[in-house]
There are 2 protein chains.
Amino acid sequence: MNREYPSAALERAVNEFASLPGIGRKTALRLVLHLLARPDREVAEFGHVLETLKQDIRYCRVCHNISDTDVCGICSNPRRDSSVVCVVENVQDVMAVESTMQFKGLYHVLGGVISPMNGIGPSDLQIAGLVERVEAGGVKEVILALSPTMEGDTTNFFISRKLAHTGVRISVIAKGVAVGNNLEYADEVSLGRSIIDRVEYK
Amino acid sequence: MNREYPSAALERAVNEFASLPGIGRKTALRLVLHLLARPDREVAEFGHVLETLKQDIRYCRVCHNISDTDVCGICSNPRRDSSVVCVVENVQDVMAVESTMQFKGLYHVLGGVISPMNGIGPSDLQIAGLVERVEAGGVKEVILALSPTMEGDTTNFFISRKLAHTGVRISVIAKGVAVGNNLEYADEVSLGRSIIDRVEYK
(Lines give C-alpha, C1' and ligand atoms only; values in the text may rest on other atoms or scores of the structure.)
Protein backbone atom coordinates (compact mmCIF):
# COMPACT_ATOMS: atom_id res chain seq x y z
CA MET A 1 0.00 0.00 0.00
CA ASN A 2 1.54 3.26 -1.10
CA ARG A 3 -1.63 5.21 -0.54
CA GLU A 4 -2.15 7.11 2.67
CA TYR A 5 -5.84 6.17 2.91
CA PRO A 6 -7.37 2.72 2.56
CA SER A 7 -10.13 3.99 0.28
CA ALA A 8 -10.39 6.51 -2.55
CA ALA A 9 -13.87 7.60 -1.41
CA LEU A 10 -12.48 8.26 2.06
CA GLU A 11 -9.56 10.19 0.59
CA ARG A 12 -11.88 12.36 -1.54
CA ALA A 13 -13.95 13.31 1.51
CA VAL A 14 -10.81 13.99 3.59
CA ASN A 15 -9.43 16.18 0.80
CA GLU A 16 -12.63 18.24 0.74
CA PHE A 17 -12.63 18.88 4.48
CA ALA A 18 -8.87 19.55 4.50
CA SER A 19 -9.45 22.26 1.88
CA LEU A 20 -11.26 24.31 4.54
CA PRO A 21 -9.28 26.92 6.49
CA GLY A 22 -7.91 25.71 9.84
CA ILE A 23 -8.70 22.04 9.15
CA GLY A 24 -5.68 19.80 8.70
CA ARG A 25 -5.67 16.29 7.26
CA LYS A 26 -5.88 14.60 10.67
CA THR A 27 -8.91 16.63 11.71
CA ALA A 28 -10.46 16.09 8.27
CA LEU A 29 -10.09 12.32 8.69
CA ARG A 30 -11.67 12.49 12.14
CA LEU A 31 -14.63 14.43 10.73
CA VAL A 32 -15.16 12.00 7.86
CA LEU A 33 -14.99 8.97 10.16
CA HIS A 34 -17.48 10.71 12.43
CA LEU A 35 -19.81 11.15 9.44
CA LEU A 36 -19.42 7.48 8.52
CA ALA A 37 -20.77 6.57 11.96
CA ARG A 38 -23.87 8.72 11.42
CA PRO A 39 -27.10 7.63 9.69
CA ASP A 40 -26.98 7.63 5.88
CA ARG A 41 -29.83 10.13 5.65
CA GLU A 42 -28.06 12.71 7.83
CA VAL A 43 -24.86 12.55 5.82
CA ALA A 44 -26.69 12.74 2.50
CA GLU A 45 -28.61 15.77 3.83
CA PHE A 46 -25.34 17.45 4.83
CA GLY A 47 -24.06 16.84 1.30
CA HIS A 48 -27.26 18.17 -0.24
CA VAL A 49 -27.12 21.37 1.84
CA LEU A 50 -23.59 22.04 0.57
CA GLU A 51 -24.40 21.05 -2.99
CA THR A 52 -27.16 23.66 -3.19
CA LEU A 53 -25.51 26.21 -0.88
CA LYS A 54 -24.25 28.56 -3.54
CA GLN A 55 -27.55 28.64 -5.41
CA ASP A 56 -29.62 28.95 -2.23
CA ILE A 57 -27.67 31.88 -0.82
CA ARG A 58 -28.46 35.33 -2.13
CA TYR A 59 -27.19 38.78 -1.30
CA CYS A 60 -29.29 41.80 -0.38
CA ARG A 61 -29.56 44.16 -3.36
CA VAL A 62 -29.22 47.17 -1.03
CA CYS A 63 -26.63 46.30 1.64
CA HIS A 64 -25.01 43.15 0.10
CA ASN A 65 -25.51 41.18 3.30
CA ILE A 66 -26.38 37.49 2.90
CA SER A 67 -30.14 37.16 2.53
CA ASP A 68 -32.87 34.73 1.55
CA THR A 69 -34.71 37.51 -0.21
CA ASP A 70 -33.91 40.18 -2.79
CA VAL A 71 -33.82 42.82 -0.03
CA CYS A 72 -32.68 41.54 3.38
CA GLY A 73 -34.66 41.49 6.61
CA ILE A 74 -32.73 44.44 8.05
CA CYS A 75 -33.04 46.71 5.00
CA SER A 76 -36.76 45.94 4.65
CA ASN A 77 -37.53 46.42 8.36
CA PRO A 78 -39.52 49.67 8.72
CA ARG A 79 -38.55 49.92 12.39
CA ARG A 80 -34.85 50.35 11.56
CA ASP A 81 -33.41 53.83 11.09
CA SER A 82 -32.58 54.13 7.39
CA SER A 83 -30.81 57.45 7.93
CA VAL A 84 -27.76 55.75 9.50
CA VAL A 85 -25.65 53.29 7.53
CA CYS A 86 -22.97 51.22 9.24
CA VAL A 87 -20.20 50.14 6.84
CA VAL A 88 -18.71 46.74 7.71
CA GLU A 89 -16.28 44.38 6.09
CA ASN A 90 -18.32 41.18 6.01
CA VAL A 91 -21.33 39.20 7.15
CA GLN A 92 -19.75 38.21 10.48
CA ASP A 93 -19.31 41.88 11.31
CA VAL A 94 -23.02 42.56 10.69
CA MET A 95 -23.78 39.75 13.13
CA ALA A 96 -21.22 41.10 15.63
CA VAL A 97 -22.71 44.62 15.55
CA GLU A 98 -26.27 43.19 15.71
CA SER A 99 -25.36 41.19 18.80
CA THR A 100 -24.37 44.41 20.61
CA MET A 101 -28.02 45.56 20.36
CA GLN A 102 -26.59 49.11 20.14
CA PHE A 103 -27.37 49.80 16.50
CA LYS A 104 -30.78 50.25 14.93
CA GLY A 105 -29.72 51.60 11.54
CA LEU A 106 -28.90 49.79 8.30
CA TYR A 107 -25.69 48.18 7.07
CA HIS A 108 -23.48 48.23 4.04
CA VAL A 109 -21.30 45.14 3.58
CA LEU A 110 -18.13 45.96 1.62
CA GLY A 111 -17.04 42.36 1.10
CA GLY A 112 -13.51 43.09 2.32
CA VAL A 113 -11.09 45.97 2.82
CA ILE A 114 -8.62 47.58 0.45
CA SER A 115 -5.50 45.43 0.59
CA PRO A 116 -2.88 45.91 -2.14
CA MET A 117 -0.90 43.01 -0.61
CA ASN A 118 -3.81 40.65 -1.37
CA GLY A 119 -4.63 42.33 -4.67
CA ILE A 120 -7.89 43.80 -3.38
CA GLY A 121 -8.58 47.28 -4.74
CA PRO A 122 -11.58 49.60 -4.26
CA SER A 123 -13.30 48.20 -7.37
CA ASP A 124 -13.38 44.72 -5.77
CA LEU A 125 -15.49 46.11 -2.92
CA GLN A 126 -19.07 47.42 -2.74
CA ILE A 127 -17.90 51.04 -2.44
CA ALA A 128 -19.58 52.45 -5.56
CA GLY A 129 -22.88 51.04 -4.29
CA LEU A 130 -22.37 52.81 -0.96
CA VAL A 131 -21.75 56.15 -2.69
CA GLU A 132 -24.93 55.62 -4.76
CA ARG A 133 -26.94 54.87 -1.61
CA VAL A 134 -25.77 58.10 0.02
CA GLU A 135 -26.22 60.14 -3.18
CA ALA A 136 -29.79 58.84 -3.46
CA GLY A 137 -30.56 60.81 -0.29
CA GLY A 138 -32.06 59.94 3.09
CA VAL A 139 -28.76 58.92 4.69
CA LYS A 140 -27.59 61.39 7.33
CA GLU A 141 -24.69 59.48 8.82
CA VAL A 142 -22.26 56.82 7.65
CA ILE A 143 -20.53 54.91 10.48
CA LEU A 144 -17.27 53.31 9.39
CA ALA A 145 -16.96 50.08 11.42
CA LEU A 146 -13.97 48.43 9.79
CA SER A 147 -11.20 46.64 11.66
CA PRO A 148 -8.68 49.00 13.30
CA THR A 149 -5.88 47.84 11.00
CA MET A 150 -3.78 49.46 8.30
CA GLU A 151 -6.16 48.08 5.65
CA GLY A 152 -9.21 49.21 7.59
CA ASP A 153 -7.79 52.71 8.01
CA THR A 154 -6.90 52.90 4.30
CA THR A 155 -10.43 51.84 3.37
CA ASN A 156 -11.93 54.37 5.81
CA PHE A 157 -9.86 57.12 4.17
CA PHE A 158 -10.84 56.05 0.65
CA ILE A 159 -14.55 55.91 1.50
CA SER A 160 -14.50 59.26 3.30
CA ARG A 161 -12.96 60.85 0.21
CA LYS A 162 -15.56 59.23 -2.07
CA LEU A 163 -18.39 60.50 0.16
CA ALA A 164 -16.98 63.99 0.79
CA HIS A 165 -19.07 65.64 -1.97
CA THR A 166 -22.33 64.35 -0.47
CA GLY A 167 -21.84 66.25 2.80
CA VAL A 168 -23.02 63.20 4.77
CA ARG A 169 -21.78 62.96 8.33
CA ILE A 170 -19.04 60.35 8.55
CA SER A 171 -18.07 58.78 11.87
CA VAL A 172 -15.75 55.96 12.83
CA ILE A 173 -16.11 53.48 15.70
CA ALA A 174 -14.13 54.34 18.84
CA LYS A 175 -10.73 52.80 19.41
CA GLY A 176 -9.52 52.33 22.95
CA VAL A 177 -9.08 49.85 25.76
CA ALA A 178 -11.30 46.76 25.72
CA VAL A 179 -14.13 46.84 28.27
CA GLY A 180 -13.57 44.52 31.24
CA ASN A 181 -9.87 44.01 30.59
CA ASN A 182 -7.31 45.00 33.16
CA LEU A 183 -5.54 48.17 31.99
CA GLU A 184 -2.09 46.65 32.42
CA TYR A 185 -2.90 44.14 29.68
CA ALA A 186 -3.94 46.77 27.14
CA ASP A 187 -1.44 47.31 24.33
CA GLU A 188 0.16 50.76 24.28
CA VAL A 189 -1.35 51.78 20.94
CA SER A 190 -4.93 51.12 22.11
CA LEU A 191 -4.21 52.75 25.47
CA GLY A 192 -2.65 55.77 23.76
CA ARG A 193 -5.65 56.01 21.43
CA SER A 194 -8.00 55.82 24.42
CA ILE A 195 -6.30 58.88 25.91
CA ILE A 196 -6.33 60.88 22.66
CA ASP A 197 -10.03 60.02 22.07
CA ARG A 198 -11.07 60.55 25.70
CA VAL A 199 -14.69 61.65 26.20
CA GLU A 200 -16.23 63.82 28.86
CA TYR A 201 -17.01 61.95 32.09
CA LYS A 202 -20.72 61.90 32.80
CA MET B 1 -34.51 40.38 13.46
CA ASN B 2 -34.86 37.68 16.05
CA ARG B 3 -32.89 35.19 14.02
CA GLU B 4 -29.19 34.70 14.64
CA TYR B 5 -28.35 34.37 10.95
CA PRO B 6 -29.43 36.62 8.09
CA SER B 7 -30.38 33.67 5.88
CA ALA B 8 -32.02 30.28 6.38
CA ALA B 9 -29.72 28.68 3.80
CA LEU B 10 -26.72 30.01 5.68
CA GLU B 11 -28.14 28.75 8.96
CA ARG B 12 -28.74 25.26 7.53
CA ALA B 13 -25.13 25.02 6.36
CA VAL B 14 -23.83 26.36 9.69
CA ASN B 15 -25.96 23.80 11.55
CA GLU B 16 -24.51 20.97 9.49
CA PHE B 17 -20.90 21.96 10.13
CA ALA B 18 -21.61 22.68 13.80
CA SER B 19 -22.91 19.10 14.13
CA LEU B 20 -19.36 17.84 13.61
CA PRO B 21 -17.20 17.12 16.67
CA GLY B 22 -14.92 19.96 17.74
CA ILE B 23 -16.59 22.52 15.45
CA GLY B 24 -18.52 25.26 17.22
CA ARG B 25 -21.02 27.63 15.66
CA LYS B 26 -18.44 30.40 15.12
CA THR B 27 -16.05 28.09 13.32
CA ALA B 28 -18.95 26.61 11.34
CA LEU B 29 -19.94 30.09 10.18
CA ARG B 30 -16.36 30.84 9.17
CA LEU B 31 -16.23 27.61 7.14
CA VAL B 32 -19.52 28.31 5.36
CA LEU B 33 -18.49 31.89 4.52
CA HIS B 34 -15.22 30.49 3.20
CA LEU B 35 -17.18 28.11 0.98
CA LEU B 36 -19.36 30.97 -0.27
CA ALA B 37 -16.22 32.70 -1.52
CA ARG B 38 -15.20 29.61 -3.49
CA PRO B 39 -16.30 28.73 -7.04
CA ASP B 40 -19.79 27.21 -7.34
CA ARG B 41 -18.42 24.06 -8.91
CA GLU B 42 -16.02 23.35 -6.04
CA VAL B 43 -18.71 23.73 -3.39
CA ALA B 44 -21.18 21.58 -5.31
CA GLU B 45 -18.47 18.93 -5.68
CA PHE B 46 -17.83 19.01 -1.91
CA GLY B 47 -21.55 18.51 -1.38
CA HIS B 48 -21.70 15.69 -3.89
CA VAL B 49 -18.78 13.86 -2.24
CA LEU B 50 -20.59 13.97 1.11
CA GLU B 51 -23.95 13.08 -0.39
CA THR B 52 -22.54 9.86 -1.84
CA LEU B 53 -20.01 9.20 0.95
CA LYS B 54 -21.97 6.54 2.80
CA GLN B 55 -22.79 4.59 -0.35
CA ASP B 56 -19.26 4.93 -1.79
CA ILE B 57 -17.49 3.70 1.34
CA ARG B 58 -17.30 -0.04 1.88
CA TYR B 59 -15.71 -2.18 4.55
CA CYS B 60 -13.34 -5.09 3.96
CA ARG B 61 -15.17 -8.38 4.41
CA VAL B 62 -12.14 -9.87 6.18
CA CYS B 63 -10.67 -7.17 8.44
CA HIS B 64 -13.53 -4.58 8.46
CA ASN B 65 -11.16 -1.77 7.52
CA ILE B 66 -12.55 0.89 5.18
CA SER B 67 -12.02 -0.25 1.61
CA ASP B 68 -13.06 0.47 -1.98
CA THR B 69 -13.24 -3.23 -2.67
CA ASP B 70 -14.88 -6.26 -1.11
CA VAL B 71 -11.51 -7.34 0.33
CA CYS B 72 -9.15 -4.48 1.18
CA GLY B 73 -5.73 -3.79 -0.30
CA ILE B 74 -3.93 -5.03 2.80
CA CYS B 75 -5.86 -8.32 3.15
CA SER B 76 -5.48 -9.06 -0.58
CA ASN B 77 -1.77 -8.21 -0.69
CA PRO B 78 0.16 -11.50 -1.14
CA ARG B 79 3.34 -9.88 0.24
CA ARG B 80 1.78 -9.33 3.67
CA ASP B 81 2.14 -11.99 6.35
CA SER B 82 -1.30 -13.48 6.86
CA SER B 83 -0.14 -15.47 9.90
CA VAL B 84 -0.06 -12.35 12.11
CA VAL B 85 -3.23 -10.35 12.81
CA CYS B 86 -3.05 -6.98 14.55
CA VAL B 87 -6.28 -6.11 16.38
CA VAL B 88 -7.03 -2.36 16.41
CA GLU B 89 -9.92 -0.20 17.47
CA ASN B 90 -10.54 1.78 14.29
CA VAL B 91 -9.40 2.91 10.87
CA GLN B 92 -7.13 5.64 12.23
CA ASP B 93 -5.26 3.02 14.23
CA VAL B 94 -4.64 0.94 11.08
CA MET B 95 -3.18 4.07 9.49
CA ALA B 96 -1.12 4.81 12.61
CA VAL B 97 0.38 1.30 12.70
CA GLU B 98 0.94 1.34 8.92
CA SER B 99 2.84 4.62 9.20
CA THR B 100 5.32 2.98 11.61
CA MET B 101 6.41 0.64 8.77
CA GLN B 102 7.04 -1.96 11.50
CA PHE B 103 4.18 -4.31 10.73
CA LYS B 104 3.76 -6.49 7.67
CA GLY B 105 0.88 -8.67 8.82
CA LEU B 106 -2.86 -8.15 8.50
CA TYR B 107 -5.35 -6.22 10.63
CA HIS B 108 -8.65 -6.76 12.34
CA VAL B 109 -10.66 -3.58 13.00
CA LEU B 110 -12.97 -4.00 16.01
CA GLY B 111 -14.91 -0.79 15.44
CA GLY B 112 -14.45 0.30 19.07
CA VAL B 113 -13.67 -1.14 22.48
CA ILE B 114 -15.90 -2.63 25.15
CA SER B 115 -17.29 0.30 27.10
CA PRO B 116 -20.26 -0.33 29.40
CA MET B 117 -20.35 3.41 30.15
CA ASN B 118 -21.10 4.10 26.48
CA GLY B 119 -23.31 1.07 26.07
CA ILE B 120 -20.81 -0.76 23.85
CA GLY B 121 -20.72 -4.49 24.52
CA PRO B 122 -18.74 -7.28 22.83
CA SER B 123 -21.57 -7.95 20.35
CA ASP B 124 -21.28 -4.38 19.02
CA LEU B 125 -17.69 -5.10 17.97
CA GLN B 126 -16.16 -7.35 15.30
CA ILE B 127 -14.99 -9.87 17.89
CA ALA B 128 -16.92 -12.93 16.63
CA GLY B 129 -15.39 -12.36 13.18
CA LEU B 130 -11.91 -12.31 14.72
CA VAL B 131 -12.52 -15.62 16.48
CA GLU B 132 -13.77 -17.11 13.18
CA ARG B 133 -10.65 -15.86 11.37
CA VAL B 134 -8.40 -17.54 13.92
CA GLU B 135 -10.50 -20.71 14.04
CA ALA B 136 -10.28 -20.96 10.23
CA GLY B 137 -6.54 -21.58 10.68
CA GLY B 138 -3.40 -19.97 9.29
CA VAL B 139 -3.13 -17.33 12.03
CA LYS B 140 -0.18 -17.93 14.35
CA GLU B 141 -0.21 -14.71 16.36
CA VAL B 142 -2.79 -12.11 17.34
CA ILE B 143 -1.30 -8.78 18.40
CA LEU B 144 -3.66 -6.74 20.58
CA ALA B 145 -2.99 -3.09 19.74
CA LEU B 146 -5.79 -1.32 21.60
CA SER B 147 -5.41 1.89 23.56
CA PRO B 148 -3.77 1.42 26.98
CA THR B 149 -6.96 2.42 28.81
CA MET B 150 -9.39 0.65 31.10
CA GLU B 151 -11.66 -0.07 28.11
CA GLY B 152 -8.75 -1.28 26.00
CA ASP B 153 -7.55 -3.58 28.80
CA THR B 154 -11.07 -4.97 29.29
CA THR B 155 -11.36 -5.65 25.57
CA ASN B 156 -7.93 -7.30 25.50
CA PHE B 157 -9.00 -9.57 28.34
CA PHE B 158 -12.31 -10.45 26.66
CA ILE B 159 -10.64 -11.24 23.33
CA SER B 160 -7.90 -13.33 24.94
CA ARG B 161 -10.58 -15.42 26.68
CA LYS B 162 -12.50 -15.88 23.43
CA LEU B 163 -9.32 -16.98 21.62
CA ALA B 164 -7.96 -19.20 24.39
CA HIS B 165 -9.36 -22.43 22.91
CA THR B 166 -7.60 -21.87 19.58
CA GLY B 167 -4.12 -21.96 21.12
CA VAL B 168 -3.05 -18.97 18.99
CA ARG B 169 -0.21 -16.87 20.39
CA ILE B 170 -1.61 -13.64 21.81
CA SER B 171 0.62 -10.63 22.38
CA VAL B 172 -0.04 -7.05 23.41
CA ILE B 173 1.83 -3.91 22.36
CA ALA B 174 4.46 -2.67 24.84
CA LYS B 175 3.57 0.04 27.29
CA GLY B 176 6.31 2.33 28.56
CA VAL B 177 7.91 5.74 28.21
CA ALA B 178 7.39 7.56 24.91
CA VAL B 179 10.45 7.57 22.66
CA GLY B 180 12.17 10.96 22.44
CA ASN B 181 10.47 12.39 25.52
CA ASN B 182 12.47 13.51 28.51
CA LEU B 183 12.03 10.95 31.30
CA GLU B 184 11.03 13.61 33.83
CA TYR B 185 7.89 14.31 31.76
CA ALA B 186 6.74 10.67 31.67
CA ASP B 187 3.75 9.93 33.89
CA GLU B 188 4.49 7.57 36.78
CA VAL B 189 2.19 4.80 35.51
CA SER B 190 3.94 4.61 32.13
CA LEU B 191 7.34 4.86 33.78
CA GLY B 192 6.41 2.16 36.28
CA ARG B 193 5.16 -0.07 33.45
CA SER B 194 8.39 0.53 31.52
CA ILE B 195 10.36 -0.83 34.49
CA ILE B 196 8.11 -3.88 34.96
CA ASP B 197 8.21 -4.67 31.22
CA ARG B 198 11.95 -3.96 30.83
CA VAL B 199 13.70 -5.94 28.08
CA GLU B 200 17.26 -7.19 27.86
CA TYR B 201 19.74 -4.56 26.67
CA LYS B 202 21.26 -5.55 23.33
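## Salt bridges between the chains

A salt bridge is a side-chain nitrogen of Lys or Arg within 4 Å of a carboxyl oxygen of Asp or Glu, and in this predicted model four of them are counted between chain A and chain B. One links Arg12(B) with Asp56(A), where the closest N and O atoms are 3.6 Å apart.

## The interface

Contact, meaning heavy atoms within 4.5 Å, joins 53 residues of chain A to 53 residues of chain B. The two chains bury about 4900 Å² between them, 69% of it on carbon and sulfur atoms; buried area is the accessible area (1.4 Å probe) that two parts lose on being put together, summed over both. Leu36(A), Leu50(A) and Lys54(A) supply 14% of the area that chain A buries against chain B, more than any other three residues.

## Helix H5 of chain B

Helices (H or I, at least four residues) and strands (E, at least two) are DSSP runs, numbered from the N terminus. In helix H5 of chain B, residues 91–100, the residues Val91(B), Val94(B) and Met95(B) are buried, that is, under 20% relative accessible area (1.4 Å probe, protein chains only). Because these residues cover an arc of only 95° around the axis, they lie on the same side of H5(B), the arc being that of the directions from the helix axis to the C-beta atoms. Their cover includes H2 of chain A together with strands E2, E3 and E4 of chain B.

## Basis of the values

Residues are numbered from 1 along each chain as its sequence is written, and chains are lettered from A in the order in which they are written. Local features need pLDDT of at least 70, side-chain atom pairs count only at pLDDT 80 or more, and totals for chains, interfaces and linings use all residues, while side-chain values use heavy atoms, with hydrogens and water left out.

Definitions and conventions: Buried means under 20% relative accessible area, exposed over 50%, partly exposed in between (1.4 Å probe, protein chains only).
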